[in-house]
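Thanks for coming, everyone. I'll take the pocket first, then the sheet, then the database record. Here is the model.

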Amino acid sequence: MTLKSKVQQLIDQALEQYPSIFIIDFTISSDNKITVIIDGDEGVVLQDCINFSRAIEHNLDREEEDFSLEVASAGATSPIKLFRQYNKNIGRKLKVVTHEQEKYEATLDSIVDDKIVLKWKTREPKPVGKGKVTVEKEAVIPFENIKEANVIISF
């Protein structure tokens, strides 16, 4: 059994123990540096990283194969990669770029089937007369059309 398949098996076992956690990325470099990036339905705390690290490290034998291990959470500025990550970001402002190069900066309002619903307000000229009026806009974007999505951090 290869190191990658052993680690994948240990990750799968850890995921069974902690069902609210999911894997964003998992790599093993040529010098056996194991990197696991996790996220959770309610976010990730330090203890989640410790639990995953222990689940992997304590079940591998360094005598058999030398390795280093890093378990980290997806950072606040990391792009959203999995559809499951959108749930915890409902109500947050996102920057979304589609494959058609459409760009949105809007609030993630909801998730419907395999689509995200973005809402924002904009000022547009009045249909009649001078001046502008505030209009609420909405975009429904299928997940497969999203090229890149990031949470906009505001202070």
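The largest pocket has a volume of about 270 Å³. A pocket here is an open set of points on a 1 Å grid over the protein atoms alone, where a 1.4 Å probe fits, with protein on both sides within 12 Å along at least five of seven lines. Grid points are joined across faces, edges and corners, and the volume is the space filled by probe spheres set on them. The pocket is lined by 16 residues, and the closest to its centre are Ala-74, Gly-75, Ala-76, Lys-88 and Arg-92. Lining means having an atom within 4 Å of a point.

Two notes on the source. This is a predicted model, where local features need pLDDT of at least 70 and side-chain atom pairs count only at pLDDT 80 or more, while totals for chains, interfaces and linings use all residues. Residues are numbered from 1 along each chain as its sequence is written, and side-chain values use heavy atoms, with hydrogens and water left out.

Back to the lining. It divides into 7 nonpolar, 6 polar and 3 charged residues. Charged means Asp, Glu, Lys and Arg; Gly counts as polar. Where does the largest pocket lie? Domain 1 (3-75) and domain 2 (80-151) both give residues to its lining, so it lies between them. Those bounds come from an automatic or database domain assignment.

Now the sheet. It is open, with 5 strands in the order E7-E6-E5-E4-E8 and antiparallel pairing. Strands are DSSP runs of E, at least two residues, numbered from the N terminus; two strands pair if DSSP finds at least two bridges between them. Strand E7 (132-142) and strand E8 (146-151) are at the edges with a single partner strand each, so one side of each has no neighbour in the sheet. From one strand to the next, the twist averages 40°. That angle is between N-to-C directions of lines fitted to C-alpha atoms, and runs from 0 to 180 degrees.

Take E6, residues 115-125. It runs antiparallel to E7, joined by 11 bridges. Leu-118 has Ala-139 in E7 as its bridge partner. Lys-121 stands opposite Glu-136 in E7. This hairpin has 6 residues between the strands, and Gly-129 takes a positive phi near 90°.

E6 also pairs with E5 (residues 103-112), over 5 antiparallel bridges. Ser-110 is partnered by Val-117 in E6. Here the hairpin has 2 residues between the strands, with Asp-113 in the turn at a positive phi of about 55°.

Last, the record. UniProt lists "domain: Ribosome maturation factor RimP C-terminal" (unreviewed entry) at residues 84-155. Such annotations may be inferred rather than shown by experiment. Residues 84-155 are 0% helix and 61% strand.

Conventions:
Helices (H or I, at least four residues) and strands (E, at least two) are DSSP runs, numbered from the N terminus.
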